[in-house]
Amino acid sequence: MSEASEKSVPRPRSLPRAPARVVEAGSPIAGAWAGAVRDASFSGLSAEYARGFLERRLVEKRWQALFVATREVMLSFAIVDAGYLSSGILSVFDRGARRLLIDSHPVLPPLLAWISDEPNDGLRALLTGPRLSARIERSGGRVLATARWGNAAVDLSLDARRAPPPLSAVSDFGGGRFNFTQKLAAIPTEGEIVVGNARFTLRGELAGLDFTHGHPPRDTAWRWAFASSRHRGRAIAFNLSEGFMRSGGGENALWVDGAPCSVGPVRFAFEPSAPLAPWRIGFRAQNIDLKLVASRYVQPFGVFYGHVTTADGERLELESLPGVTEDHAARW
């Protein structure tokens with residue numbers, strides 16, 4: 001498996017409880033919190049944040065993503081509604097064979113993806129297209145993630161009732177641009193992933209969910225790392241990013257057997273011109289340039305080595321913790 005260089009992470013601190021809503025008095029509330037925001041809709045925005053229907057179609061972005069790893073496989077699965085286009089990701093990495101079995105990121109017309117404002121019970125994320133049908137839905141604390149995508153099939157059930165509280169965060173970029181995200185980690189998962197003749201069974205492995213909805217800047221770039229797994233008897237997960245959520249406390253968090261704690265700013269060290277150097281195996285990449293719209297990213301699967309420190313000061317050594325990283329620049 002690939003190997004990620006250790007990030008420099010300060011000692012975490014406890015997060016306050018999430019507010020009741022994302023929007024208050026016409027503006028988004030910037031901050032980072034433990035727990036779900038009860039009202040995640042953008043209704044009530046005013047002044048520089050208010051936008052008509054057409055402008056929302058141009059600037060509003062939503063995605064629901066899922067990552068899970070077992071001893072045999074890693075899965076990255078996402079549904080993306082970029083307003084004027086639809087997209088998704090289905091990537092399955094066979095850890096034993098050390099190869100990608102499927103790596104698909106189609107760019108589709110608008111209206112083929114639809115994602116609700118609600119990241120909790122009531123969540124619906126749908127994507128249709130040539131030889132693909134995918135959905136992620138949540139009801140009664142259970143998340144069902146299914147896909148029929150080329151020669152691949154995904155059928156997963158995630159029990160969010162047994163997961164720790166999520167991280168919720170809002171960042172204000174200025175100029176009426178802002179972003180809301182909810183990250184849920186350490187979710188017990190059952191089900192099956194099939195690609196061609198390869199079949200993988202999940203029996204309680206800990207998945208992660210990323211719900212993001214916002215009006216991000218036209219040109220946006222970020223680096224990101226995520227892991228969620230049991231490690232030496234502990235449920236450990238982290239979400240680390242650089243460059244995206246630049247205010248309001250960011251989205252950098254650590255879960256160890258419980259609620260998320262903030263770890264503050266982080267820095268990523270790798271060579272962009274040689275993205276396989278730190279990770280070596282499991283590299284996936286895509287470059288899309290439609291002039292007005294562009295996306296460049298690399299997303300290596302791998303394992304993390306190093307250590308994390310809890311809010312109580314406990315230092316935990318990590319070895320071969322499975323996860324994913326990303327270097328992404330978008331013009332959207």
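What you see is a predicted model, in which local features need pLDDT of at least 70 and side-chain atom pairs count only at pLDDT 80 or more, while totals for chains, interfaces and linings use all residues. Residues are numbered from 1 along each chain as its sequence is written, and side-chain values use heavy atoms, with hydrogens and water left out.

Let us begin with confidence. The pLDDT is the predictor's confidence in each residue, from 0 to 100. The chain averages a pLDDT of 88, and 88% of the residues score at least 70. Over residues 1-9 the pLDDT is below 50, and this stretch has 34 contacts in the model beyond near neighbours in sequence; a contact means heavy atoms within 4.5 Å. Residues 279-294 also have a pLDDT below 50, with 53 contacts beyond near neighbours in sequence. Where pLDDT is low, the predicted coordinates should not be read in detail.

On a 1 Å grid over the protein atoms alone, a cavity is a set of points where a 1.4 Å probe fits but cannot get out, and a pocket is an open set with protein on both sides within 12 Å along at least five of seven lines; lining residues have an atom within 4 Å of a point. Grid points are joined across faces, edges and corners, and a volume is the space filled by probe spheres set on the points.

The largest pocket holds about 310 Å³ of space. Strand 18 (198-215), strand 19 (219-231) and strand 26 (315-331) each give two or more residues to its lining; strands are DSSP runs of E with at least two residues, helices are runs of H or I with at least four, and both are numbered from the N terminus. Among the lining residues are Arg 71, Arg 95, Glu 205, Arg 230 and Glu 319. By class, the lining of this pocket has three nonpolar, four polar and five charged residues. Here Ala, Val, Leu, Ile, Met, Phe, Trp, Tyr, Cys and Pro count as nonpolar, Asp, Glu, Lys and Arg as charged, and the others, Gly among them, as polar.

There are also two cavities of 30 Å³ or more. The second largest cavity has a volume of about 50 Å³, and its lining has five nonpolar, two polar and one charged residues.

Next come the aromatic rings. The structure holds ten aromatic pairs: rings of Phe, Tyr and Trp (its six-membered ring) pair if their centres lie within 6.5 Å, with planes under 30 degrees apart counted as stacked, over 60 as edge-to-face and the rest as tilted. The rings of Phe 77 and Trp 149 are edge-to-face, because their planes stand at 85°, with centres 6.3 Å apart. Phe 77 lies in strand 7 (residues 73-81) and Trp 149 in strand 14 (residues 142-149), so this pair ties together parts that are 72 residues apart in sequence. Phe 77 is buried, at 0% relative accessibility, and Trp 149 is buried at 3%; buried means under 20% relative accessible area, exposed over 50% and partly exposed in between (1.4 Å probe, protein chains only). Elsewhere, ring pairs link Phe 67, Phe 93, Trp 224, Phe 226 and Phe 301 into a cluster.

Finally, look at Ser 76, which lies in strand 7. Ser 76 is buried, with a relative accessible area of 9%. Not counting residues up to four places away in sequence, Ser 76 touches Leu 66, Ile 89, Leu 90, Ser 91, Gln 299 and Phe 301.
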